[in-house]
Amino acid sequence: MKITKSKLPRWMHGVYAMFFGYYWFPCPICGKMFGGHEPSGTIWENTGSGEACCINCAKEGERLSKINLGVK
Ligand SMILES: [Zn+2]
């Protein structure tokens, strides 16, 4: 299945996420709301846990993860 960028308005994603029990919270990097049903990135902490960020910030999340984990 090909993942295409959704054309749904953001609020509909919010309704969808809440209805199906997914999380719906602001991206820690850009502040845009995104849901657990959408593709996302992860910002890893050196504690072994991570925080999800929106797919638009996945690259930035990767960069921050490397800093957090001390990867050169
Ligand atoms: Zn973001």
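Gly-70 counts as exposed because it has 7 C-beta neighbours inside 10 Å; by definition, a residue is exposed if 12 or fewer other C-beta atoms, placed from the backbone, lie within 10 Å of its own, buried if 20 or more do, and partly exposed in between. Gly-70 belongs to the segment that follows α2 (58-69), and its phi just after that helix is positive, about 75°. Helices here are DSSP runs of H or I with at least four residues, strands are runs of E with at least two, and both are numbered from the N terminus. Between the C-alpha atoms of Gly-70 and Trp-11, which are 59 residues apart along the chain, the separation is 37 Å.

This is a predicted model, in which local features need pLDDT of at least 70 and side-chain atom pairs count only at pLDDT 80 or more, while totals for chains, interfaces and linings use all residues. Residues are numbered from 1 along each chain as its sequence is written. The pLDDT, the predictor's confidence in each residue on a scale from 0 to 100, averages 91 over the protein, and 92% of the residues score at least 70. Confidence is lowest in helix α1 (residues 10-19), with a mean of 93, and highest in α2, at 97. Where pLDDT is low, the predicted coordinates should not be read in detail.

The overall plan may be described next. The protein has two helices and four strands, and from the N terminus on their order is α-β-β-β-β-α. Taken along the principal axes, the box filled by the C-alpha atoms is roughly 40 × 25 × 25 Å. Of the 72 residues, 15% count as buried. Two residues are in contact if their C-beta atoms, placed from the backbone, lie within 7 Å; among contacts with a separation of 6 or more, 21% are between residues 24 or more positions apart.

Met-18 is found in α1 and counts as exposed because it has 12 C-beta neighbours inside 10 Å. After α1 comes Gly-21, with a positive phi near 80°, in the loop between α1 and β1 (24-26). Strand β3 (residues 40-44) and strand β4 (residues 50-54) run antiparallel and are joined by five bridges; two strands pair if DSSP finds at least two bridges between them. Trp-44 stands opposite Gly-50, and Gly-41 has Cys-53 as its bridge partner in β4. Five residues lie between the strands of this hairpin, where Gly-48 takes a positive phi near 95°. In a regular strand the side chains alternate between the two faces of the sheet. In β3, Gly-41 and Ile-43 form the covered face, whereas Ser-40, Thr-42 and Trp-44 form the uncovered one.

What makes up the largest nonpolar core? A nonpolar core is a set of buried Ala, Val, Leu, Ile, Met, Phe, Trp, Tyr and Cys residues joined through C-beta atoms within 7 Å. The largest has eight residues, namely Cys-27, Phe-34, Ile-43, Ala-52, Cys-53, Cys-54, Cys-57 and Leu-64. β4 gives the most to this core, with three residues. Ala-52 touches Ser-40 and Thr-42, not counting residues up to four places away in sequence. Cys-53 lies 18 Å from Gly-21, C-alpha to C-alpha, and the two are 32 residues apart in sequence. In soluble globular proteins, nonpolar side chains tend to be buried together.

The chain's other helix, α2, has twelve residues and reaches 16 Å from its first C-alpha to its last, close to the 16 Å expected at 1.5 Å a residue; the expected span is 1.5 Å times one less than the number of residues. Lys-59 lies in α2 and is exposed because 12 other C-beta atoms are within 10 Å. From Lys-59 to Pro-28 the C-alpha distance is 13 Å, and the two are 31 residues apart in sequence.
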